[in-house]
Every structure is written in structure tokens, then in C-alpha cells.
Amino acid sequence: MFSQELWLENERKCAVVRKSKPGRKRQELLAIAFGVKVGLKGGFLWSPLKLFACSQISSLVRRAALTHNDNHFNYEKTHNFKVHTFRGPHWCEYCANFMWGLIAQGVRCSDCGLNVHKQCSKHVPNDCQPDLKRIKKVYCCDLTTLVKAHNTQRPMVVDICIREIEARGLKSEGIYRVSGFTEHIEDVKMAFDRDGEKADISANIYPDINIITGALKLYFRDLPIPVITYDTYSKFIEAAKISNADERLEAVHEVLMLLPPAHYETLRYLMIHLKKVTMNEKDNLMNAENLGIVFGPTLMRPPEDSTLTTLHDMRYQKLIVQILIENEDVLF
């Protein structure tokens, strides 16, 4: 990690790089990040070295955003406005003007309760802070909405399930591949929806660890927007199609930076966990490729609901997750 003084020094150097020739800008920035010099005729940075330098810079920026305030995670979130009929007089909370009419006078954010004119909703900043009273369930809830409502880095389901799995399930044969009983998995889901972070998923209640892994996979499948979002799906698929391994790895890293912060952090935490699973492959018989087969369709889905597209993309979905697991220390 860079010290603050070194980071400020690099910032000053980057200002010089930005004024250099376009063809050398990226190369010189990476050279500064790694503390090496590029010759007058230009230099060449080995692709994995270049990717590592990029990842260090990106990780610094991400970490700075995530640790800016230990007690509050400033993830940006758009308001979920819906047309609303207000009873009695109401004023717009954006422009402070009266909301005229008898029905459908304006819109209300279903997550935080903000009331504004329909026209004003287009100008409201993405500063929604969901109210826990309005979040009626944990499963099927938007990922960013859930973490902002609970003021956590990641969904509590992910944290609690992974802690339980790592405590007693890393050496379980076929972990994540073997399914638990559907009824018991639904019980875990209802426990989280009902009790939130107080849900008890200990071995005393659910001795079969496959029930917990099944509940975790179900959480990811039930997300309205997948961990790997619809907006980035096609870019990840295109990256997976690149034949050169180094170029493919760099392309995957670039697309990762497009994920919303809460999605990025959740994916990072999950990949660290799955890497630990692969480190126990002799016992659980699960390597990165096997986990890619399991989690590919779980973490990423095509924007269009097409069976043909899903079948066609399955091998690329598997490959993306496999790459993320095998290279989590470089990519995140």
C-alpha cells in the first residue's frame, strides 16, 4: 500500500503525465504507479505487471471510498420513485412548492419516503438513504438498498452465511455443488426476512452445511439486479471471449471497475471466500472451475430473459467466475 505522502507525490506526477502525448499517457501513469522510468523511446511493461499496477491504483481508490467513514458506507443509490396520491396538502421536498391536484400529485420514493413533483424527480441527486421500516424483506431486495438501510458494507446474509460456512464447512465434500433440502433452505430465507442479522443458522438448528450454502446461492439468485449487473454483463462476456490470457485478465479488471460499489465489495468478499474453498480442494473436491460452473449463472444473468442466450453464455459465465477466483488477489 502507498503512504499518503507517496500518493500525493504520485498525484503531482500524474498531472505531468496527463499533459504528455496521448500514446504514452497510460504507459507513463503505470510506470509512476510502479516507481519505474519509461525511456525516451517509450517502454514496455509486462502485461501482468501492468495489470497489477492498475489493480493497486484502483484498489486504493475503492478502499478510500469504503473506509472514508468507518460508521457509514457512502454508497450512491438512486431513489425508487413511484406515482403517489397524497391525502391532504403536501409540498415538494425538492423545490418546496405546493403539490397541486386531487390524485397523483407527485411521486414518493418507496425506499426512503422522499416526496417530490414528478418533474423534480429528474433532478433529485442519487442520495437515497433507505428507511429500515420500509424494507420489508432481505431476500429479493436490491443489494445497494439493503446495505444502505442496514449501514453495512455487504448484505448481512452474505457475511453471516460465509462466516458459518468457513467455520464448519470448508472441507465438506462437494460444498456448493451438493444441494440441501429445499424446505430447510426456505426456512433459512424466512429466518433472514423475519429476524435479519439475528437469524440463527448455527449447527444446532441446521447441522447440514449444504442448507447454508443453498441459502447463500438462493440469495444471489433472488437479487432483482445480479451481483454482476445487467449493465456490465455483455462487457464481461466480451472479456471472456478474448483468447490472450493477459489481455483477458486486464479486460476483466477494467469491467470490474464499472460495478456499483456495493456490488463490487460483495463480489470481492465472495471471491476471497471461494478462494479459501479451493485451497481445501483435496477434501471438498471443489476447484475454481467447478465453482465457476455453480456460481456463473448465479452471479450473472443476461439482461434479456432468453433461454438461448443463457445456454450460449454459460461457458463464458463459468470462465469469468473461474478467473475471478483464481486471480482475486490481483483483480480486487
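Reply: **A side chain and its surroundings**

The side chain of Asn284 reaches the backbone nitrogen of Met286 at 2.8 Å. A polar atom of this side chain also lies 2.9 Å from the backbone oxygen of Val277. Both are polar contacts, that is, pairs of N or O atoms within 3.5 Å; within protein, one atom must be able to donate a hydrogen and the other to accept it, and residues adjacent in sequence count only if both atoms are side-chain atoms.

The model is a predicted one, in which local features need pLDDT of at least 70 and side-chain atom pairs count only at pLDDT 80 or more, while totals for chains, interfaces and linings use all residues. Residues are numbered from 1 along each chain as its sequence is written, and side-chain values use heavy atoms, with hydrogens and water left out.

Asn284 belongs to helix α11, residues 281–284. Helices (H or I, at least four residues) and strands (E, at least two) are DSSP runs, numbered from the N terminus. Asn284 counts as buried because its relative accessible area is 0%; buried means under 20%, exposed over 50%, and partly exposed in between, with a 1.4 Å probe and protein chains only. Setting aside residues up to four places away in sequence, Asn284 touches Val277 and a run of partners consisting of Leu170, Lys171, Ser172, Glu173, Gly174 and Ile175. Contact here means heavy atoms within 4.5 Å.

Ser172 is partly exposed, because its relative accessible area is 21%. Beyond four places in sequence, Ser172 touches Ile209 as well as Asn284. From C-alpha to C-alpha, Ser172 and Leu285 are 8.7 Å apart in space, although 113 residues separate them in sequence.

The chain as a whole gives the setting for this site. It has 14 helices and 3 strands, and 46% of its 332 residues count as buried. Among contacts between residues at least 6 apart in sequence, 65% join residues at least 24 apart. The accessible surface comes to about 18000 Å², with 53% belonging to carbon and sulfur atoms; such areas come from the Shrake-Rupley method with a 1.4 Å probe, and for residues only the protein chains shown count as cover.

The interior can be described through its nonpolar cores, each a set of buried Ala, Val, Leu, Ile, Met, Phe, Trp, Tyr and Cys residues joined through side-chain atoms within 4.5 Å. The largest has 70 residues, of which Tyr176, Phe192, Tyr219, Phe220, Leu267, Phe295 and Leu324 touch the most other members. Helix α7 (residues 209–222) gives the most to this core, with 8 residues. At least three residues of this core come from each of domain 2 (156–222) and domain 3 (230–330), where the bounds come from an automatic or database domain assignment. Apart from this core lies another, of 10 residues, including Met99, Cys120, Val124 and Cys128. Leu324 is in contact with Ile228, Val252, Leu256, Leu267, Met271, Leu331 and Phe332, leaving aside neighbours within four places in sequence.

Ala96 is in the loop between β1 (81–84) and β2 (106–109), and has a positive phi of about 70° although it is not a glycine. Ala96 counts as exposed because its relative accessibility is 55%. Ala104 is also in the loop between β1 and β2, with a positive phi near 45°; at 43% relative accessible area, Ala104 is partly exposed. Gly113 is in the loop between β2 and β3 (115–116) and is buried, with a relative accessible area of 13%. Gly113 is in contact with Glu93, Arg108 and Arg134, its neighbours within four places in sequence aside.

As to confidence, the chain averages a pLDDT of 83, and 78% of the residues score at least 70; pLDDT is the predictor's confidence in each residue, from 0 to 100. Over residues 15–25 pLDDT stays under 50, and the model has 13 contacts beyond four places in sequence for them. Residues 59–72 also stay under 50, with 21 such contacts. Where pLDDT is low, the predicted coordinates should not be read in detail.
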